[in-house]
Every structure is written in structure tokens, then in C-alpha cells.
Amino acid sequence: MSDNFTRERQRATADMVAQAANVSRVAVSRAFNPAASLKPEKRERILRIARELNYTPDHAARALVTRRSHLVGVIVPDVCSPWESQEIDALTTALQAEGFATLLFKTRTDLSMDETLLTYMRGFNPDSIIAFAENVKPETLARVLDRAVPIYVTYDSKDEKPAANDGFLFDRLNVHQHAGMDQAIALLQGYGVRRIAYLSGKARSRANSARLATLKEVMQARGLGEPIVCEGDFSYDTAHAAIVNLFRIKGKVDAIFSANDEGAFGALDALRYELGLCVPEDVKVIGFDDISQSHWRSYNLTTVKVDLDTRIKALIRLILRRLESPTLAPLTEHVPTRLVVRGTVG
């Protein structure tokens with residue numbers, strides 16, 4: 001076996017790079033840390049030689065020293081729906097820009113977490129966990145996580161006050177949905193709407209229950225009474241069938257407020273193609289989230305916007321602040337909502 005082949009097969013080390021670049025091993029480590037202070041020409045020389053030697057830092061070894069894995073776990077109930085897929089894509093991009101890799105974990109259909117997956121999670125020793133599936137409780141994660149502090153999404157309705165930490169440390173991303181939903185109902189009221197249906201999401205979802213509670217609160221404050229609840233599950237097909245049943249069994253409503261945009265799309269197609277109604281002339285429709293498909297001409301959906309960029313930046317701030325100060329009291333970031341008016345109300 002030739003010496004060249006042996007060198008090609010041998011894994012280059014930081015010491016080899018340091019020797020070839022005539023610098024210290026510490027300088028090599030600093031060159032691979034964008035935040036570390038190092039003269040640009042020195043960093044460039046070290047990185048060039050590292051490329052020539054086919055050297056990459058051993059993150060596993062570094063993690064043993066720094067107790068930082070540069071991994072962020074993300075627990076989601078779904079990876080295919082439009083909102084979740086767009087958020088995962090944006091979050092992964094933002095995390096990578098900060099030097100983190102993403103570990104994706106999916107819940108069962110009942111939104112609980114498989115115990116085996118929890119064990120896997122501990123084995124990766126993540127720096128942080130973002131739990132978009134609120135049924136995976138902080139006390140559950142506390143059993144399997146070492147130093148990582150989970151982040152949960154909460155909502156600001158009267159029925160969904162952030163729960164006490166009960167001795168388990170976790171941080172929050174709080175979505176202020178009241179303002180955007182109040183704008184939505186004010187717009188409907190301005191058009192003389194009186195009979196409003198709420199097309200729900202999954203019954204076990206806190207996002208859904210918080211959204212319904214906020215809608216009731218807003219409608220009561222505006223003298224509009226209670227919404228008619230139409231059972232959905234955030235999906236297009238269920239929403240489509242639910243709206244057809246609503247109109248054929250309970251009669252016409254003036255407007256539909258959907259718990260999410262995908263459900264609103266199902267409602268729009270049911271109204272137009274199954275029930276022969278015109279939107280917005282016969283029925284007005286409002287969604288929630290403002291996913292990228294909402295502005296498509298076929299839907300042109302009026303919706304309560306949760307700004308994705310703002311939400312992702314808030315999550316990154318929570319992660320970085322917690323890593324800088326692990327003993328801080330529970331942290332909270334706030335994300336506003338606002339109404340985006342398009343063609344389904346008018």
C-alpha cells in the first residue's frame with residue numbers, strides 16, 4: 001500500500017493542520033469558530049490548509065469538552081402540512097446559520113411521544129428542544145434531557161394562560177393572537193356579518209382550543225354572540241366535508257373563521273364547487289397563519305398572519321439566551337398577529 005494512499009485514508013487531525021500552517025492547535029480551533037477572534041489572513045491560511053488535508057473538526061470530541069453538541073431537537077406533530085413544513089424549513093435554515101444542526105422528532109397521532117424516541121433524544125445530548133407538540137409535557141422531557149431547556153409555544157387567550165412551571169424549567173414563545181383575530185371580526189362586523197362559524201382544528205390541540213376561546217371572547221365583546229362550531233382537524237379534506245355538512249344540516253352562515261389556512265382552502269372549495277355559493281358575496285372566509293399558498297390567486301385568502309420570520313428569530317433568541325445563561329428564570333418571547341386582507345372578505 002503506497003504512502004499516498006495511506007495518507008488519503010488517514011483522518012487528518014488538528015495537530016496536523018497546526019503543524020502545516022505553523023500555528024498552535026488553539027488557533028486551528030479558533031479558525032473554525034466564526035465568533036472567535038483571529039486575524040482574517042491567518043484564518044484563511046488555516047482553512048485553506050485544512051481543506052488541502054481534508055480536515056474537519058471532530059464535533060463529538062469538542063462536545064465532550066464544551067458540553068455543547070450544537071444540536072437542536074424539534075418535536076412536531078406533523079411534517080407534511082403547509083404550516084409545519086414551512087416552519088421546519090425556515091427554522092432549519094436559521095439554525096444552520098447559527099452553527100446548529102437539527103434533530104427532527106415526530107409525535108404519535110395522539111400527539112404523545114414514543115418512549116424510545118425520548119431515549120434517542122437523550123443520547124444525542126441536544127443543546128435545546130423546541131416542542132411544537134404541546135402534549136409532550138415539560139415533566140416528560142425533564143426525565144430524559146440533561147441540561148437542555150425545552151421551548152414551548154403558548155397562546156394569550158383567557159382559557160390558555162401559561163401554566164406554572166411546577167418545578168420544571170422551560171421557556172415560551174407566546175403568540176398574541178387576540179389582536180389579529182379582533183381585526184378579523186371587526187372587518188366582518190363592518191360588512192354586517194352576524195352568523196359566524198368556527199371551523200376548528202384538532203380537538204386535542206391547544207392552538208385550536210386557544211383560538212376558539214379567543215374567538216368567543218372577541219365576538220362577545222363585539223355583541224355577536226357565540227360562533228357555530230364546525231368540527232375540523234386542520235386538514236383540507238375534513239374541512240371540505242365539514243362545511244358541506246354544516247350548510248346542509250344547520251343552514252347558511254355569513255362567514256367562516258378557520259383555525260388554519262389549509263382548512264380555509266377546504267371551506268372555500270366546498271362553498272364554490274359543492275354548494276354553488278360565491279365568496280365573498282354569499283359567504284366570507286378568513287383563515288389563520290398566512291402560509292405561502294394563501295396569496296395564490298385561486299384562494300386569495302384573507303387571514304390572520306403569524307409572521308414566520310419574526311417567529312423564527314424569536315426562537316433563535318430563546319435558544320441563544322438560554323445557552324449563554326443556563327440558570328436564568330423562564331424566558332418568554334412574544335409574537336404578534338395581524339390581519340392580512342385579500343379577496344375572501346369584501
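Here are some friendly notes on this predicted model, point by point.

1. Let me begin with the whole chain. The protein has 346 residues, and 49% of them count as buried. Its secondary structure comprises 13 helices and eleven strands. Among contacts with a separation of 6 or more, 68% link residues 24 or more positions apart. The exposed surface comes to about 17300 Å², with carbon and sulfur atoms supplying 51% of that area.

2. What does strand 8 pair with? Strand 6, residues 196–199, runs parallel to strand 8 and is joined to it by four bridges. Within that pairing, Ile-196 stands opposite Ala-255, and Ala-197 has Ile-256 as its bridge partner. Strand 8 also pairs with strand 9, again in the parallel sense, over three bridges. There, Phe-257 stands opposite Ile-286 of strand 9.

3. Tyr-198 is the residue standing opposite Val-229 in strand 7.

4. Strand 6, helix 10 (residues 206–221) and strand 7 form a β-α-β unit of right-handed sense. Strand 8, helix 12 and strand 9 form another right-handed β-α-β unit.

5. A cis peptide bond joins Val-279 and Pro-280, with omega about 10°. Pro-280 sits in the loop between helix 12 (261–274) and strand 9 (284–289).

6. Asp-289 counts as buried because its relative accessibility is 9%, below the 20% cut-off.

7. Asp-289 is also one of the residues touched by Lys-305. Lys-305 is found in strand 10, which covers residues 302–306. Is this lysine buried or exposed? Its relative accessibility is 16%, so Lys-305 counts as buried, given that buried means under 20%. The side chain of Lys-305 makes a polar contact with the side chain of Asp-290 at 2.8 Å. Leaving aside residues up to four places away in sequence, Lys-305 also touches Pro-336, Thr-337, Arg-338 and Val-340.

8. For contrast, please look at Asn-22. Asn-22 too has a positive phi, about 60°, although it is not a glycine. This residue is located in the loop between helix 2 (14–21) and helix 3 (25–31). With a relative accessible area of 69%, Asn-22 is exposed.

9. Helix 6 is worth a check of its length. The helix has 16 residues, 82–97, and reaches 23 Å from first C-alpha to last, close to the 22 Å expected at 1.5 Å a residue. Its buried residues are Pro-82, Trp-83, Gln-86, Glu-87, Ile-88, Leu-91 and Leu-95. Just after helix 6, Gly-99 takes a positive phi of about 90°.

10. Finally, which parts of the chain meet at Ser-128? Ser-128 lies in strand 3, residues 128–131, and counts as buried because its relative accessibility is 3%. Not counting residues up to four places away in sequence, its contacts are Leu-71, Val-72, Gly-73, Ala-148, Val-149, Ile-151 and Ile-319. Ser-128 and Leu-320 are 192 residues apart in sequence, yet 9.4 Å apart in space from C-alpha to C-alpha.

Notes
Residues are numbered from 1 along each chain as its sequence is written. This is a predicted model: local features need pLDDT of at least 70, side-chain atom pairs count only at pLDDT 80 or more; totals for chains, interfaces and linings use all residues. Side-chain values use heavy atoms; hydrogens and water are left out. Helices (H or I, at least four residues) and strands (E, at least two) are DSSP runs, numbered from the N terminus. Buried means under 20% relative accessible area, exposed over 50%, partly exposed in between (1.4 Å probe, protein chains only). A polar contact is a pair of N or O atoms within 3.5 Å; within protein, one must be able to donate a hydrogen and the other to accept it, and residues adjacent in sequence count only if both atoms are side-chain atoms. Contact means heavy atoms within 4.5 Å. Accessible areas come from the Shrake-Rupley method with a 1.4 Å probe; for residues, only the protein chains shown count as cover. Two strands pair if DSSP finds at least two bridges between them. A crossover is right-handed if, with the strands pointing away from the viewer, the path from the first strand over the helix to the second runs clockwise. The expected span of a helix is 1.5 Å times one less than its number of residues.
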